Amino acid sequence: MKRHLISAKDLTRDDALLVLDTAEELARVSGRSVKKLPTLRGLTVVNLFFEDSTRTRISFEAAAKRLSADVINFSAKGSSVSKGESLKDTALTLEAMGADAVVIRHGASGAPYRLADWINGNVINAGDGTHEHPTQALLDAYTMRRHLGSLDGRKITIVGDVLHSRVARSNVLLLSTLGAEVTLVAPPTLLPVSVGTWPCKVSYDLDSVLAKSDAVMMLRVQRERMNAAYFPTVREYSRRYGLSAERYSHLPEHAIVMHPGPMNRGVEIAAEVADSARSTIVEQVGNGVSVRMAVLYLLLGGAQPAIGADK
Amino acid sequence: MSQYLIRNAAILGGDVRDILIRDGEIAEIGIGIEAPAAEVIDASGLVALPGLVDLHTHLREPGREDNETVQSGTRAAARGGYTAVHAMANTTPVADTAGVVEQVWHLGREFGHCDVHPVGAVTEGLAGKKLAELGAMAESAANVRVFSDDGHCVDDAVIMRRALEYVKAFDGVVAQHAQEPRLTEGAQMNEGEVSDRLGLRGWPAVAEESIIARDCLLAAHVGSRLHVCHVSTAGSVEIVRWAKSKGWNVTAEVTPHHLFLTDACCEHSPLGRSYDPIYKVNPPLRTQADVDALRAGLADGTIDCVATDHAPHAVEDKETEWADAAMGMIGLETALSVVQAAMVDTGLLDWAGLADRMSVKPAEIGRLGGHGRPLESGSPANITLYDPAYRAQVDATTFASKSRNTPYAGLELPGRVVATFLRGRPTVLEGKLV
Ligand SMILES: [Zn+2]
């Protein structure tokens, strides 16, 4: 594993399995009455959020605190950072404050790579622009593994705005590393032009894929995409690519339904499907903490020989 | 005026000759010239080229003198072997009136280390709505012949047609920055595999190609001269080739960086960085297939010339997230080396071909009588002496440009400009500014 976790490509198959196995172990801690481990005592983790995401920030914060790290939340939105003070200046400030790891969420693709050029601490990408969100992919894989067992040969369908989705990008990379067979389903306007070179299959027809899916991940569709003519109307989108109760009924018995949140109920997913027994949407949130604990532990703890070494 | 005797320079065609410079002109070219009054320069192993001419330079003055000035930019040009540059119009204020182009022209006369020919804006404020006073700029002291809204595309077909027609009255040329604005809204880099992986909004080749195709048709329809700035895609080369096959009056330029770098640099730069905005440029770096087509197009003359698109930016405008970074890279001081690496060392062009693409053709397109002339007695002594065997890492700290946004810093490139003469006066000697 590299020093930073910026892209799902940073993880080899062994790295990824180690993260998932570690997360399993750490999840047991969460079941105890004292939820804290002393592992990262004395280390400082900075949550550097240039973009609002209370959910992801709290998840990282809880993960760091359960490992006894000191946590500094640095919300750059609306502060002097958002205009005038550059990312580089912020990086130098964090460096001076002795940050051992920086969890960065940023609206610009690649911002974590720039940060990694400027600081010594570990950089963990908590979502950058339309690039990647690797810990989301890890928690998704973790959730799938809990329900489906090994991901080797499993058929995973990801539906919706792949073009603008950092979640889809990270998932395609990670799930193919883990041996799953990914199919992306979207209107052609919401697929990257070079998607043919990605390690996955592509379909424009959701119904033809559903019956063979072990897991279906619905992506959020932004209503503003409509104005840019990515699809004609929300109604047409929902009809062709939404997971309705009718479509849900064609899924295999064991299949699970996922969503990275926040959902547009009634657009990409019907309310009754989101709340159904096979929906893992709420569970994903809890799993996020365990997975992020594992990532922080492996990057910062230095206990595992495969981890923490420079690339 | 002092005399210079250049001994044993390889002149184009490969012969080794002496060149005597006197009274700003080439007085004599021959073997064993004797000139006791002349200062002698040993040019053994060096190539003598006609002084280079750039059709596309951003000098940033007036307005962004912190990034570049006429003085610093022309010093950089001289170090790069240039004796004339065209100063692009996207300054602050925009060079869209006789007053501003004359100001730049005067600055060039006063402080220039090479000749400065201002480019006039096609439309007022580069806004693309209303023609600027093209005639007044043409008739001004600056004698403008090249008009461009560079940085912006003249995307309104009617405005473009009128501009092409109007400049015929004074043998002008419209130099188009071909970029369909709607297809490139928010675009960050070449649209393709790399942009998809990086999650950066793609900039499709067709956004450039569709405008070039339209403009070629317009230029043919009204019988005017069109020049296409910084062609960057294989498809664009094909369209220019087609237009030329029809006999239309279309010329095109390519930048050194589009001949040498690809969009893969944005993902894994040769210096090991990802998303390094040093590679963010307009038009964007394209694929290896595009680079190959551009090289072939320059070699066979489809693309007429090399233009640097020297675009200086302050450090803080590049040391940032990719999306926020300014577009552009400097190029004057590395152009000859990059073109040597891309075209000469690969066997695609010989030195005469390089002189044609970097001096003769750009001077012709810009209608500069005193530049781009073959080295022969009676010509103005605009000469560049170049050492193609030299090899070193590019050290940007020594650049004369005020800006440092070069993608080549730390990389090894061939060649070095040893001397530059502007009308017989050295602007660079032994690699150093005079
Ligand atoms: Zn341009």
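Visitor: So helices (H or I, at least four residues) and strands (E, at least two) are DSSP runs, numbered from the N terminus. Where does that put B:Arg60?

Guide: In chain B, in the loop between β6 and α1. Keep in mind that this is a predicted model.

Visitor: Okay. What is phi like at B:Arg60?

Guide: Positive, near 70°, and that in a residue other than glycine.

Visitor: Does B:Arg60 count as buried or exposed?

Guide: Buried, because its relative accessibility is 12% and the cut-off for buried is under 20%.

Visitor: Which peptide bond involving B:Pro62 is cis?

Guide: The one from B:Glu61 to B:Pro62, with omega near 5°. B:Pro62 is in the loop that runs between β6 (52–57) and α1 (70–79) of chain B, and B:Arg60 is found in that loop too.

Visitor: What joins B:Asn282 and B:Pro283?

Guide: A cis peptide bond, with omega about -5°. For B:Pro283, look in the loop between α8 (264–267) and α9 (288–299) of chain B.

Visitor: And what about phi at B:Leu126?

Guide: B:Leu126 is not a glycine, yet phi is positive there, about 60°. The residue sits between β8 (115–118) and α3 (134–139) of chain B, in the loop. B:Leu126 counts as buried because its relative accessibility is 8%.

Visitor: Let's move to strands. Which residues of β10 in chain B are on which side?

Guide: The strand covers residues 173–176, with B:Val173 and B:Ala175 on one side and B:Val174 and B:Gln176 on the other. All four are buried, so both faces of β10 are covered.

Visitor: How many bridges join β9 of chain B to β10(B)?

Guide: Two, and β9 (residues 146–147) runs parallel to β10(B). B:Val146 has B:Val173 as its bridge partner.

Visitor: How many to β13 of chain B?

Guide: Three, again parallel, with β13 spanning residues 226–228. There, B:Val174 stands opposite B:Leu226.

Visitor: What do β9(B), α4 and β10(B) make together?

Guide: A right-handed β-α-β unit, with α4 of chain B covering residues 157–166.

Visitor: Switching to chain A. What is the strand order in the open sheet of four strands?

Guide: β2-β1-β3-β4, with parallel pairing. β2 (70–75) and β4 (122–128) stand at the edges with a single partner strand each, so each has one side without a neighbour in the sheet. From one strand to the next, the twist averages 15°.

Visitor: How many bridges join β3 of chain A to β4(A)?

Guide: Five, with β3 covering residues 101–106. As one of the pairings, A:Val103 has A:Ile124 as its bridge partner.

Visitor: Which strands does α2 of chain A lie across?

Guide: β1 (44–49), β2, β3 and β4 of chain A. The helix takes in residues 54–66 and runs at about 180° to β1(A).

Visitor: Which residues does UniProt list for "binding site"?

Guide: A:Lys83, A:Arg166 and A:Arg220, from an unreviewed entry.

Visitor: Take A:Arg166. Where is it found?

Guide: In helix α6 (residues 166–177) of chain A. A:Arg166 is buried, at a relative accessible area of 13%.

Visitor: What does the side chain of A:Arg166 make a polar contact with?

Guide: The side chain of A:Glu51, at 3.2 Å. Beyond four places away in sequence, A:Arg166 also touches several other residues, including A:Arg105, A:His106, A:Asp128 and A:His133.

Visitor: And A:Arg220, where is its place?

Guide: In the loop between β8 (215–218) and α8 (234–241) of chain A. A:Arg220 is partly exposed, with a relative accessible area of 30%.

Visitor: Which backbone oxygen does the side chain of A:Arg220 reach?

Guide: That of A:Pro262, at 3.0 Å. Leaving aside neighbours within four places in sequence, the contacts of A:Arg220 include A:Asp161, A:His259 and A:Glu268.

Visitor: Last one: which feature does UniProt place at residues 152–299 of chain A?

Guide: "Domain: Aspartate/ornithine carbamoyltransferase Asp/Orn-binding", according to the unreviewed entry. In the model, that span is 35% helix and 14% strand, and its end C-alpha atoms lie 26 Å apart.

Notes:
Residues numbered from 1 in each chain as written. Chains lettered and ligands numbered in written order. Predicted model: local features only at pLDDT ≥ 70, side-chain atom pairs only at ≥ 80, totals over all residues. Heavy atoms only, no water. Buried < 20%, exposed > 50% of the residue type's maximum accessible area, 1.4 Å probe, protein only. Pairing = 2+ DSSP bridges. Right-handed = clockwise from strand over helix to strand, strands pointing away. UniProt positions renumbered as here; feature names shortened; annotations may be inferred. Axes fitted to C-alpha atoms, helices over the stretch in contact; angles between N-to-C directions. Contact = heavy atoms within 4.5 Å. Polar contact = N/O pair within 3.5 Å; in protein donor to acceptor, adjacent residues only side chain to side chain.
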